[in-house]
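Thanks for coming. Please look at the sequence and the structure as I go through a pocket and then a few loop residues.

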Amino acid sequence: MSEQPESEPSRLEKLIRRLRRREVISLLLLTRFLPDRSGAPEVPPPWRESDREIPADLLTYPGEIRNAADEDRAARAEPLNDFFSVHPEASEFIVSHGKGFLVPTFPRVARAVHRIRRATRLRPAARRRDHGPDELKQMLVAEADRIGLSRIGVVPADDRYTFETTDAEQLPTVIVCLLEQDWELTQKIPSDEAERAAFFGYAEGMTRTAMLAEYLKGLGYRAAPQGLTGDGVAIHYGVEAGLGQLGINGQLLTPEAGSRCRILMLTTDAVISRDHPVDYGLHKVCDECQACVRNCPVGAIPKARRPFRGVVKSKLNTARCLPVVAQASGCAVCMKVCPVQRYGLDAILEHREQTGEILGLGSDELEGYDWPLDGRHYGPGETPRVAEDVIRNPGLTFDMERKRPWGDTEPIRFVGPKRSRG
């Protein structure tokens, strides 16, 4: 990544970028009429509840350690924005290097965006049926299961974790929707095939999230589905909804599939019983494992957690991570080598109880991968030598110190016209 000093874009550059981002969804939507020849796999069935007890020696605290005062200060000093609105040049670079996995998924993604927009325009039923919070929660969980979402969680909206500018209506309650992505394709990380699996997951997740919004509107409630990237920090809402905990790789680790799932969100004015953070023992599993730390090709994952914006977490080095993600088929080695992703937490706990070890650790099955930039296979603990011209590619110029959108850059409008929070 180039470390050129940031300069204000010219008026012409601003206009070109604004037009390009404004029209990108209109152009994408045209591809929904194309035949789908992607060969997308079937969506895995919804998750069943596990009754496995977490060993006492793995328990730490529900969700994450938070300091509310520090969270408030960070939100006031640096309100959150969508990363690719702050760094539009990064999104353009990724698209230019990702055609191998993006183009085959366009028709499915386009149909999902069209369904999101259709659900957004749908008016709620004129007569709202009267449901208590617990009853409505049970109905929503049953409907989510029926339409094929892996799991949902419900939490209050939090302005500190919602982006300054969004394109979906922001209502008081957030419903977090998870959809598991294909297991077999994910094990091929890093590759275009694996990245296509992620975008298939986003497409199916958006479609099913739109269906859940339509269901709520049929009951007379307002509901606003969000687009592919969401209008806030989806991982935060997933943790708060008890769907998982933060892995040391910075991702939401669900007990069922680790980070091998896509996170979609919608907001609603319905009063629904909320969920709460859960201690799945994943922090100590990560501490005992550290496979992602050892195997990251550019050493972007720290071994220890530290406070960041009021949350104790592992803060990845984006300046080293992003250029490789953009140029190495999405990279995602940290996802591939995670045992929770490959085996699920139940299997890990059973193996640990029997052997005292983390399942798969040190094996090529878990930690081996083929590196797309040199075609070589790397085994446990081996990492490729990533050239400096990859990490500091002159075509990828952005300033990591930038915190607000560059010029008048707007979010990509998956849902509709831009909205300012509040």
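By class, the residues lining the second largest pocket are 17 nonpolar, five polar and nine charged. Here Ala, Val, Leu, Ile, Met, Phe, Trp, Tyr, Cys and Pro count as nonpolar, Asp, Glu, Lys and Arg as charged, and the others, Gly among them, as polar. A pocket, on a 1 Å grid over the protein atoms alone, is an open set of points where a 1.4 Å probe fits, with protein on both sides within 12 Å along at least five of seven lines; lining residues have an atom within 4 Å of a point.

The model is predicted: local features need pLDDT of at least 70 and side-chain atom pairs count only at pLDDT 80 or more, while totals for chains, interfaces and linings use all residues. Residues are numbered from 1 along each chain as its sequence is written, and side-chain values use heavy atoms, leaving out hydrogens and water.

Back to the pocket. Its lining has 31 residues, and Arg48, Glu49, Ser50, Arg151 and Glu256 lie nearest its centre. Helix H7 (133-147) is one of the elements that give two or more residues to this lining, and H7 gives the most, with five. Helices (H or I, at least four residues) are DSSP runs, numbered from the N terminus.

Now the loops. Gln290 lies between helix H11 (282-289) and helix H12 (291-295), and its phi is positive, near 60 degrees. Gln290 is buried, at 12% relative accessible area; buried means under 20%, with a 1.4 Å probe and protein chains only. Cys331, in the loop between helix H13 (318-327) and helix H14 (333-336), also has a positive phi, about 50 degrees.

Note on methods: Buried < 20%, exposed > 50% of the residue type's maximum accessible area, 1.4 Å probe, protein only.
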